[in-house]
Amino acid sequence: MSKILLEQYSVDRSRLPRVYTILSKDISERNELTSDGGLFAQQLLVLPDIPKHANTLPNLDNPYNTFPKISTMATKVSKPIGGSNDRYTVLAQIAGHPGYVITSQEDRVGSDNVVQFREISESAAIDLLSATTANTQIHSAPIEISFTALEKEDRKSASDTRLDEDDVKKLRSWLDKTSPEKISTLVIVDDAWPDSSHFIDSVEFFRQAIPLVREKLNLGPATFSEEFKLLEAKDFEDKKSHADDVHLALDYFRELYPVADQRINIVHVPLFASSTAAKEILINIIEIREAEKILGTELGSNFPSDIQNKARENAEEIIGRMEAFRRKSLRKTDYAVVGGIHDFFRHYAKASKTPFFMNFSWTVPDLQYSPDWRPAYGVVLAAAGNENDSVYKLRREFASRSIDPQDVIAVMDIDSNGRARCCNDTCSSHVEDDSDNYSFAFSGQLPSGKCGTSFSTPRVAYLLAMYESIQVQPDFSGSWERKWMKRFRKSTKTLRKLGKQADYSVYTPSVEKITKQ
């Protein structure tokens, strides 16, 4: 028993006598052992899922025992005790099982400044998440993406694919009379690059933005491959993608060019590493997120080489896993990619003093992971989906967050009569008609006949990005990002008008209200 506790938990009688007593008693009861010495070869033991004890004092020469200190436990077969045939198997319970306590030297839950990791199989993680009723905050896990476009059978019947003529006149007059205070960044997060022009423009954006963010966070220079540095538009691989149609949805505003698009910088980010240059961009983005996770409040003050190597290693590992399970499912990515993209633009917005509007023209059905997004100078807009249901009842992410905590704007697709648009007998999902909810409804019809919330969402994002470009810059002091989010949420709700009555109310952007700002 002493050898088991020392190897699995770094606990012995002399250093941690109280913890030793608790664990040895627990293991004996769990496995119905008659005495402390009642173990035999080939015995299967069930052990509590508790990470190894982290030393009280840090060792700056050991990256696993600095601040924050790292403690780990994995489900595994142990090393032999005694002879080569004398083995026992550790069957660790799933992390977070009720009744299992993480003890420390003081018998507290956890320990100060200790990061505790558990390594369990993907199937065990899925079982754990499905067993809980509340959302679980998680850093990295595979997620299934559902792209929400639908194809209309009768393409000739496609209507409301362009701005109303009166709205065009009002917006053009408004644009001519106003001067932009800043350039808004419209971030299209989707499955690929839409075309060669936006491919190279986005690559060039990241060539500039990644070094800027790293400099502001004191993370040292960016590491780009020579291939990435030399990329040109001709290197774009033209493949049919969902992003193609999402980009075409923005032609809705072509009558406002070139004035409108001079106020908005459109950046595309692929969710998957298979697109040209996407892997290198995503690794750099996730590396910054990993560095922030490891350094915590020390972010911006110091970036030791061992932490830098660990952050890069973690990022490459996440992308490697993502590539592996994407080979099994074309729609799988990793939550670390979604969270990493959001974190990156949070830092970029702060460094460049430019707001971002992040477009998700896809859904994650019944996501069990609670995003750890922090207040930012920007907002996420998420498609409601095309399932003819309510996004809130099924907790379809990320649109369900428009009701609580309201850090995402949900967008549904409506026709010219103000009703949920239907294609092939399947209609746009809807958002609740409570005026306090953070949601919009807008046309998602393309001239090709395709329709869906995939195309409503970037249009609302474009309008709001255009609106924000003329607003006075916030006071960049104190909790300014949180204050900006509160102010923006309040002001954008005043830009809506109550749509025509159908089975429920919808709130659409009011061009008249926007142009009065």
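D334 caps the N-terminal end of helix α10, with a side-chain oxygen 2.8 Å from the backbone nitrogen of A336. This is a predicted model, and every value below is computed from it.

**Helix α10**

The helix covers residues 335–352, 18 residues in total. From first C-alpha to last, α10 reaches 26 Å, close to the 26 Å expected at 1.5 Å a residue. Of its 18 residues, 16 are buried, so α10 is largely enclosed by the rest of the structure. K353 follows the helix, and its phi is positive, near 60°.

**Two helix pairs**

Two packed helices are described by the angle between their axes and the distance between the axes.

| Pair | Residues | Axis distance | Angle | Crossing |
|---|---|---|---|---|
| α1 and α2 | 2–9 and 17–30 | within 11 Å | roughly 110° | right-handed |
| α5 and α8 | 196–216 and 278–295 | 11 Å | about 15° | left-handed |

The crossing of α5 and α8 is left-handed. Their contact is made by F206, I210, V213 and R214 of α5 and I281, N284, I285, E287 and I288 of α8. At about 15°, the angle falls under 35 degrees, so α5 and α8 count as roughly parallel.

The axes of α1 and α2 cross at roughly 110°. That value lies in the range 65 to 115, so this pair counts as roughly perpendicular. From α1, the residues S2, L5 and Y9 take part in the contact. They meet Y20, L23, S24 and I27 of α2. An α-helix has 3.6 residues a turn, so residues three or four places apart point the same way. The spacing of L5 and Y9 in α1, and of Y20, L23 and I27 in α2, can be read from their numbers.

S24 lies in helix α2. Is S24 buried or exposed? Its relative accessibility is 12%, and the cut-off for buried is under 20%, so S24 counts as buried. Which residues does S24 touch, leaving aside those up to four places away in sequence? They are M1 and L5. L5 is also one of the α1 residues that meet α2.

Notes. Residues numbered from 1 in each chain as written. Predicted model: local features only at pLDDT ≥ 70, side-chain atom pairs only at ≥ 80, totals over all residues. Heavy atoms only, no water. Helix = DSSP H or I, 4+ residues; strand = E, 2+ residues; numbered from the N terminus. Expected span 1.5 Å × (residues − 1). Buried < 20%, exposed > 50% of the residue type's maximum accessible area, 1.4 Å probe, protein only. Polar contact = N/O pair within 3.5 Å; in protein donor to acceptor, adjacent residues only side chain to side chain. Axes fitted to C-alpha atoms, helices over the stretch in contact; angles between N-to-C directions. Parallel < 35°, antiparallel > 145°, perpendicular 65-115°, else oblique. Left-handed = near helix turned anticlockwise from the far one by under 90°. Contact = heavy atoms within 4.5 Å.
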